[in-house]
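User: I would like to go through a model with you, starting with how its chains meet. Could you take my questions one at a time?

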Amino acid sequence: MTLNKTLTISYYTFKEIWKSKILLNVFFVGIGLMIVTYVATEFTYGVPERVALDFGLGMLSLSSLAISLFLGVGLLSKEIESRTVYMVIARPVPRYSFILGKLIGLMGIQAVNVIILSLMTMTATKFLGGEINGLILWAIGFIFLESLMLLLVVVLLSLLANNILSVLFSLVLLLLGHVIKDTQEISFVKSNPLVVKILEAYHFVLPAFYKLNLKDFVIYKNELPLSYLAGNFTYAILYSGFLLLVVVFLFQRKNLD
Amino acid sequence: MIHFREITKIFRSELLGQPFTALSNVSFEVPEGSMVGFLGANGAGKTTSLKIIMDFIRPTSGNVEFSSALGSNRQEIFRNIGFLPERPYFYQNLTGHEFLSFMGKLTDLDTKTIEDRVRLWAPRFKIDHALPRELKTYSKGMLQRIGFLATILHEPKIIILDEPLSGLDPIGRKELKDVIVEVHKAGKTVFFSSHIVPDIEEICDRVIFLKNGNLAYDGSVSALMKQAKVQDFIMTVVAPGEIPSTIKLKERLDLPESLTRFTVTPENKDVLLNHLVTNKKSIVSLEMMKPSLEEIFYNTRGTHDPQ
């Protein structure tokens, strides 16, 4: 019964966002992607398919993160400010069901975004003579997982701070999560045991987004061991699960005034 | 049906701000089958109380109990409550029909039941023509009406309304009040807040009055009205002439067409009447001035009718 309500909330969340025409922006991003890809390949010698793939995955990643960031920050705070949340949780709906429904609904929008831009990217790559291999699909899947993690981060922060701070902190965490690996390779860091410890500790607490970035491997290497992919996939799922638990815990106890 | 027991709610502002006591040891109950008005000026603590009842916020101390008639667990209890928040704001991109389906499904109604009830109530609320439209195109009154429809769609046993009449034009207020009365006559308990006393006076049989976060009155409207003492009498007379100074007048006002209006206390009413009758003056009217419920409330200091 509760599952039904969660799915009902997710369906209407999806519908509400869908009808807000946000996906029209995705369509324009797709058209822009095609044009930029075409122009870029004209200036590239020998590897137009790589350029198409690079642009495509880059755009896909950026648009997914933007959707997570800007729709995610208002997912709960807007509901509370505008009191729409009262209409839902005044009914026999547990709070966790409400928040799960909202998240699933938004991830449905995210899925549509990823599918549209992925198809465009793969079409352009194929058209320019490139191959569609399994690693490209892993990369697309990881972009989806990265957007899920960022969504949970921004929703969690929106329960603790105002919208502007939530977006700023999320951006900082996104940036840190991508540069942390390279930072550990800097010789100054390696020579400083305290900094090494701090950066190692970071992995246990804050999101390591770099684990979900396969773009370089897709474009230059075309292969990765399955254990690496499975390990990072498991990390993303477990970390998202952990974030979800924290979000549910905070929302259960939040005063909705 | 609802027992609000010794509730205190203190809002602690951040850092160095002073804590604010919104409710101070407030207790009341909403009996089954009653139509209870929840009165108080803006900021008296009405909405805070309703949010505590609906579990949107938690009290600092005290608790809310629901009678077994509503159910034994949260799911059952909330299935039997219909709640409409103050100035409801709905999902703007959903149509009226989609919104009602959404709300109906959340209260375990199947599609056919939702359709049947929407067909029954939408014309009554005069929003049937607007159901295919997105809610962002609705006027404030239409939003209030569709919100009320969503509140009663699942046929709850108790309806809790937060300022349901605010922002409506006089016709809209009348229509909504009629529906509230109709729903109450159909056996529903109604508990609604308002800062407008005449609305409560008109349709409620019981009233709870909050003043600065404290309970000022809890009891029947009629008992409160009986408590009200006659204040003054107003007498309109044709050309009364001079009134002896031994008769104490509160006010004398000369009106056009030789009319004069006297305001006298109950003690001086008969003396003035005698004088006028003796002098064969023509008395046009005699009115007993009782304070309105509004005046009674704003002079109330913590009374409780045990009925």
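This is a predicted model: local features need pLDDT of at least 70, side-chain atom pairs count only at pLDDT 80 or more; totals for chains, interfaces and linings use all residues.

Analyst: Residues are numbered from 1 along each chain as its sequence is written, chains are lettered from A and ligands numbered from 1 in the order in which they are written, and side-chain values use heavy atoms, with hydrogens and water left out.

User: How many residues of chain B are in contact with chain A?

Analyst: On the chain B side there are 39, and they meet 31 residues of chain A; contact means heavy atoms within 4.5 Å.

User: And what area do they bury between them?

Analyst: About 3,100 Å², with 56% of it on carbon and sulfur atoms. Buried area is the accessible area (1.4 Å probe) lost when two parts are put together, summed over both. Of the area that chain B buries against chain A, 23% is supplied by B:Phe56, B:Tyr91 and B:Leu106, more than any other three residues.

User: How many salt bridges cross the interface?

Analyst: The rule finds 3, a salt bridge being a side-chain nitrogen of Lys or Arg within 4 Å of a carboxyl oxygen of Asp or Glu. A:Lys15 pairs in this way with B:Glu98, where the closest N and O atoms are 3.0 Å apart.

User: Which helix of chain B gives the largest share of the side that touches chain A?

Analyst: Helix 3 does, with 7 residues. Helices are DSSP runs (H or I, at least four residues) and strands likewise (E, at least two), numbered from the N terminus.

User: Why is helix 3 of chain B described as largely enclosed?

Analyst: Because 9 of its 11 residues are buried, helix 3 of chain B is largely enclosed by the rest of the structure. Buried means under 20% relative accessible area (1.4 Å probe, protein chains only). B:Glu98 and B:Leu106 are among the buried residues. The buried residues pack against helix 1 (2-19) and helix 4 (84-89) of chain A, together with helix 4 (111-121) and helix 5 of chain B.

User: Changing topic: is B:Thr8 buried or exposed?

Analyst: B:Thr8, found in strand 1 of chain B, is buried, with a relative accessible area of 16%. A polar atom of its side chain lies 2.9 Å from the backbone nitrogen of B:Asn25.

User: What else is B:Thr8 in contact with?

Analyst: Leaving aside neighbours within four places in sequence, its contacts include B:Leu23, B:Ser24, B:Pro59 and B:Ser61.

Conventions. Buried means under 20% relative accessible area, exposed over 50%, partly exposed in between (1.4 Å probe, protein chains only). A polar contact is a pair of N or O atoms within 3.5 Å; within protein, one must be able to donate a hydrogen and the other to accept it, and residues adjacent in sequence count only if both atoms are side-chain atoms.
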